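Trainee: Please take one close look with me at how side chains meet and where they face the surroundings. I would like a connected account with every cut-off stated.

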Amino acid sequence: MTPKDMLLCAGFSLALPIGQTLFKFAAVNNAQLTGPLIVRLATNAPLIGAFAWYGLTALFWFYILTRVPLSLAYAFSIVGSGLVPLVAWLVFKEPLDWRFALGYLLMLTGFAVIMQGQRG
């Protein structure tokens with residue numbers, strides 16, 4: 001895996017929590033909207049943004065997979081998935097406890113094992 005490939009995968013792993021954050025903003029916004037469901041969906045700007053973000057990240061993911069084996073590229077999603085609860089805590093004040101830190105440490109250990117020997 002080249003340094004460029006690692007940067008691309010790292011960028012994708014950061015795109016994941018951004019998308020999840022947009023969906024959470026959309027859910028919060030939905031509670032403030034009134035009217036039929038279809039109207040709420042069509043007028044929920046964060047939801048539209050979340051769908052657009054996921055469309056762009058899907059294209060980004062496709063590009064990554066033209067360069068990197070799926071088994072290696074997907075390992076980076078571990079990092080992104082682990083960031084989602086941290087963002088939820090920071091942005092939405094959702095509760096976290098020591099189990100999150102322990103679980104994320106285990107996830108990062110697994111990521112390190114997978115990436116061992118994959119540089120350059």
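Mentor: Helices here are DSSP runs of H or I with at least four residues, strands are runs of E with at least two, and both are numbered from the N terminus. The model is predicted, so local features need pLDDT of at least 70 and side-chain atom pairs count only at pLDDT 80 or more, while totals for chains, interfaces and linings use all residues. Residues are numbered from 1 along each chain as its sequence is written, and side-chain values use heavy atoms, with hydrogens and water left out.

On that basis the protein has five helices and zero strands, and its elements run α-α-α-α-α from the N terminus on. Taken along the principal axes, the C-alpha atoms of the protein fill a box of roughly 55 × 35 × 15 Å. The accessible surface of the protein (Shrake-Rupley, 1.4 Å probe; for residues, only the protein chains shown count as cover) comes to about 7,500 Å², and 74% of this area belongs to carbon and sulfur atoms. Of its 120 residues, 28% count as buried, where buried means under 20% relative accessible area, exposed over 50%, and partly exposed in between.

Let us begin on the outside, with the nonpolar patch. Phe 25, Leu 86, Trp 89, Leu 90, Val 91 and Leu 96 form this patch on the surface, and together they carry about 510 Å² of accessible area. Patches take residues with over 30% relative accessible area and no salt bridge, joining like charges within 9 Å and nonpolar side chains (Val, Leu, Ile, Met, Phe, Trp, Tyr) within 5 Å. Helix H4, residues 70-92, gives the most to the patch, with four residues. Leu 86 is one of the patch residues and has its place in helix H4; because its relative accessible area is 32%, Leu 86 is partly exposed.

Now to the charged side chains. The structure holds three salt bridges, each being a side-chain nitrogen of Lys or Arg within 4 Å of a carboxyl oxygen of Asp or Glu. In one of them Arg 67 meets Asp 5, with the closest N and O atoms 2.6 Å apart. This pair links distant parts of the chain, since Arg 67 lies in the loop between H3 and H4, Asp 5 lies in helix H1, and 62 residues separate the two. Arg 67 is partly exposed, with a relative accessible area of 33%, whereas Asp 5 counts as buried because its relative accessibility is 6%. Another salt bridge joins the side chains of Lys 24 and Glu 94 at 3.4 Å, N to O. Here too distant parts of the chain are linked, with Lys 24 in helix H1 and Glu 94 in the loop between H4 and H5, 70 residues apart. Finally, the side chains of Arg 99 and Asp 97 meet in a salt bridge at 2.5 Å, N to O, where Arg 99 is exposed at 52% relative accessible area and Asp 97 is partly exposed at 37%.

The rings complete the picture. Rings of Phe, Tyr and Trp (its six-membered ring) pair if their centres lie within 6.5 Å, with planes under 30 degrees apart counted as stacked, over 60 as edge-to-face and the rest as tilted. By this rule there are eight aromatic pairs. Among them, Phe 12 and Phe 60 form a tilted pair, 6.5 Å centre to centre with 55 degrees between the planes. The pair links distant parts of the chain, with Phe 12 in helix H1 (residues 3-32) and Phe 60 in helix H3 (residues 45-65), 48 residues apart. Phe 12 is buried, because its relative accessible area is 9%, while Phe 60 counts as partly exposed at 27%. By contrast, Phe 100 and Tyr 104 form a stacked pair, 5.9 Å centre to centre and 5 degrees between the planes. Both lie in helix H5 (residues 98-115), four residues apart, about one turn of the helix. Phe 100 counts as partly exposed at 21% relative accessibility, and Tyr 104 is buried at 14%. Ring pairs also link Phe 12, Phe 60, Trp 61 and Tyr 74 into a cluster.

Terms used:
Buried < 20%, exposed > 50% of the residue type's maximum accessible area, 1.4 Å probe, protein only.
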